[in-house]
Amino acid sequence: MKEIPSHWKEILNGFLFKENVRKPNENDIPLSLSQKDGLIPTDLMKESSLKTSTYDNWKKVLKHDLVLNRFKAHLGVLMASDYEGMVSFHYGVYEPQLPLITKYYELLYHTDIYKGIYAYSSNGMTVGLQNLSNIVFYSIKGIYPPLAEQEKIVSYLEDKTSKIDAYVADKEKEIELLQELKQKTIADAVTKGLNPDAKMKDSGISWIGEIPEHWEVKRIASLFTGKVQANTDFKYHHAFKFYYGTLVPKNEVGDVEEYRDTYVKYSILQKDDIMINGLNLNYDFVSQRVAIAPSDGIITSAYVVARPRKGTNAQYYNYLFKTMDNMKLFHGMGTGIRLTLSFDEMKKQVVVVPPLDEQQAIVAYIEEKCEKIDKLASELQSEIDYLKEYKQRLIADCVTGQVNVSGV
C-alpha cells in the first residue's frame, strides 16, 4: 500500500461497511452487476447475465449501498448503487457504517492495489471460483479520508474521467469509421474493379449488381476444390485456429503426442487455402469467418477448406469472401437446424471472375490502401490505450492521496 496523507486514516473494511441482508418487496426491480455495464437494471443489460423465474433469497439494495460480486472482486466487479432494487443472493450488499461517500470506495476498490489484495485474499484455487468471504473482506484495511475530501476526490475524478471517456469514445468511433472505410474499399475493388470508366454489365448476382463488361461469372466449384487430405500420418503436429479473420497457432501445452488422436483427424492445409468457419451460422452474426492459410498446416475438419485451382488468385478471393462474410451472405447458404455450411453447398454459388492480371492489381491496390487505414487505426488505438492507462493511474493517485485535489 502506498503512503497516505498523515491526516487520513486506515480503517478495516468491517468498520466501513457491513452486509445488510434485507428482504426485497414485490416492487423492487432486479439489478445485475457486470464488469462491462456496472450495476444497472437487468432489463437494460445488452447481454443479460441473469435469467430467473424466482426471486427467493434475493437481497434488497438501497442507493449508496456497495454491491460486490464475491467471485469477481479481484476483477473490480463492485459498484456503488445508483438504484433501489434487488440483487441475487450471490452478491454481497454492504451498507456504510460511517459517514462516507460510497462512490469513493468504488473507485478505491477498483484500483490495481485492491484488486491485487482481493485476488490474494480470495478463497479457491480455480480462477473464476475464488470467493471473497465477508470475514476476509472485513479484515482488509481500507482508507478513510475526511468526508469533505472524499466528496472532492469523487467530484474531481468524475469531471476528469468523463472528459477522458468522451475523448476515448470519439477515438473509438474514428476507428469504427476507418474499419467501415476499409470494408467499403475492399468491397468496391473486388466487385467493381479499379477502372471507374469501364463499361458495365449486369452480373446476375443480386448482391453485386453491375460488373465490368469483360469480367466473367462462374461457380465457385470451377475456381476451388474442397478435396483435402486428413493428417492421418501425423505429419503436422501443430494446428491453426481462427482469430478475428486470420489463422493463428493454437495454444498447445504439453507433449505433441498428447494431441495425436485429435490431430490425425484434422484437415491438411496448403499455403493460400481459404478457410471458412461455417458452423452455427444462425447463432453468430458477428465473427469474422474467413481467413487465408499463411503456411502449410492443419485445422479442424469442421471448417470449410477451399483450395484454389490453377489460375485462381487466392488473395483476391480471400477479400471477396470476406466481403461476403461482412454482408452475412454465408448465413443463407447453410443447411440443418444449426445452419452449417459445407463446401458442397458453397461450391454451387456463383462469383465474379476478373482476368488474372486484374485480380493481382486489385490485391495490390487493396493492400496498399488497407495498410494506410490500419496504420491510422493503430495510432488511434495506441492513443486510446495510453488514455485508459492514464485514467487508471489518475484514479489510483487521487484515491490514495498521491494527488491533492482539496484545492480543486
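In which sense do strands β3 and β4 pair, and over how many bridges? In this predicted model, β3 and β4 (residues 38–41) pair in the antiparallel sense, with 4 bridges between them.

**View 1. The hairpin of β3 and β4.** Strand β3 covers residues 29–34, and strand β4 covers residues 38–41. The two strands form a hairpin, with 3 residues between them. Within this antiparallel pair, S32 has I40 of β4 as its bridge partner.

**View 2. The pairing of β3 with β8.** Strand β3 is also joined to strand β8 (residues 85–87) by 2 bridges. Here the strands run parallel, whereas the pairing of β3 with β4 is antiparallel. P30 stands opposite M86, a residue of β8. In a regular strand, side chains alternate between the two faces of the sheet.

**View 3. The setting of these strands in the whole chain.** The protein chain has 9 helices and 22 strands. Its C-alpha atoms fill a box of roughly 80 × 50 × 45 Å along the principal axes. The radius of gyration of the chain is 28 Å, while a compact globule of 408 residues would have a value near 22 Å. Among contacts with a separation of 6 or more, 75% link residues 24 or more positions apart.

**View 4. Surface and charge of the protein chain.** Of the 408 residues, 43% count as buried. The accessible surface comes to about 22200 Å², and carbon and sulfur atoms account for 52% of this area. The chain carries 50 positive and 55 negative charges, whose mean positions lie 3 Å apart.

How values were computed. Residues numbered from 1 in each chain as written. Predicted model: local features only at pLDDT ≥ 70, side-chain atom pairs only at ≥ 80, totals over all residues. Heavy atoms only, no water. Rg over C-alpha atoms; globule rule 2.2 N^0.38 Å. Buried < 20%, exposed > 50% of the residue type's maximum accessible area, 1.4 Å probe, protein only. Contact = heavy atoms within 4.5 Å. Areas by Shrake-Rupley, 256 points an atom, 1.4 Å probe, with all protein chains shown as cover. Lys, Arg positive; Asp, Glu negative; His and termini not counted. Charge placed at Lys NZ, Arg CZ, Asp CG, Glu CD. Pairing = 2+ DSSP bridges.
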